[in-house]
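Here are a few exercises to work through with the model open beside you. Try each task before you read its solution.

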Amino acid sequence: MQSNPWPDRLARAFAILRGAVLVPYSVMLFLEPEKVMPGSSTEPARTFALMFASRTILLGIAFFVLAIRGKREGLAGLLLADAALQFFDTGMALVTHKGALAVVPAAIGVIGVWAGLFLLRAARGTVPPTPPVPSSGRASPS
């Protein structure tokens, strides 16, 4: 009996979406840090942008590659690590009394945990199969 492919596809689509968000943002941060981080001086902003963008581009590419290649365990680990970072960002927003900024990373973190745990269970074969659709007992028209 085959399991439902939708959660797997949804988890992989989420990873591709994370990559699609991370890479363009990081490229913009790399090319024009003053526009992405207004109010910062040019040199510190560029140094920070180079450091941050290079690692974030790698993270975004890893999401794409692992999702497209179907590497469930690796993608699960990456999603769970990203979720941990999202929860750190949520905590930082709350500690600095910027509660409105905590909503998006918290949501991304929750979805990341769900997707990561689902993929981890799917990779280990512990995802329960989808039950068959019950028949209505009527004869099918032929």
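A residue is called buried under 20% relative accessible area, exposed over 50%, and partly exposed in between (1.4 Å probe, protein chains only). This is a predicted model, so local features need pLDDT of at least 70 and side-chain atom pairs count only at pLDDT 80 or more, while totals for chains, interfaces and linings use all residues. Residues are numbered from 1 along each chain as its sequence is written, and side-chain values use heavy atoms, with hydrogens and water left out.

**Exercise 1. Work out which pattern the protein chain follows along the sequence.**

Step 1: count the elements, taking helices (H or I, at least four residues) and strands (E, at least two) as DSSP runs numbered from the N terminus. The protein chain has five helices and zero strands.

Step 2: read them in order, and you get α-α-α-α-α.

Step 3: check burial; of the 142 residues in the protein chain, 27% are buried.

**Exercise 2. Find the salt bridges in the whole structure, and say how many there are.**

Step 1: set the rule, namely a side-chain nitrogen of Lys or Arg within 4 Å of a carboxyl oxygen of Asp or Glu. Side chains of opposite charge can pair when their charged atoms come close.

Step 2: run the search, which finds three.

Step 3: begin with Asp8, which is buried at 10% relative accessible area. Its side chain meets that of Arg12 at 3.9 Å, N to O. Both sit in helix H1, four residues apart, or about one turn of the helix. Arg12 is partly exposed at 27%.

Step 4: Arg72 is partly exposed, with 30% relative accessible area. Put together, Asp8, Arg12 and Arg72 make a network of salt bridges.

Step 5: move on to Asp82 and Arg18, whose closest N and O atoms are 2.9 Å apart. With Asp82 in helix H4 and Arg18 in helix H1, the pair ties together parts that are 64 residues apart in sequence, so H4 and H1 are joined here too. Asp82 is buried at 4% relative accessibility, and Arg18 is buried at 7%.

**Exercise 3. Describe the largest pocket: what volume does it have, and which residues lie nearest its centre?**

Step 1: On a 1 Å grid over the protein atoms alone, a pocket is an open set of points where a 1.4 Å probe fits, with protein on both sides within 12 Å along at least five of seven lines; lining residues have an atom within 4 Å of a point.

Step 2: take the volume, the space filled by probe spheres set on grid points joined across faces, edges and corners. That comes to about 580 Å³.

Step 3: list the lining. It has 16 residues, with Leu22, Tyr25, Phe52, Thr56 and Asp89 nearest the centre. Helix H1 (5-31), H3 and helix H4 (72-95) each supply at least two of the lining residues.

**Exercise 4. Say which residues line the second largest pocket.**

Step 1: note its volume, about 210 Å³.

Step 2: name the lining, which is Asp89, Met92, Ala93, Thr96, Lys98, Leu101, Val104 and Pro105.

Step 3: assign it to elements; H4 gives the most, with three residues.
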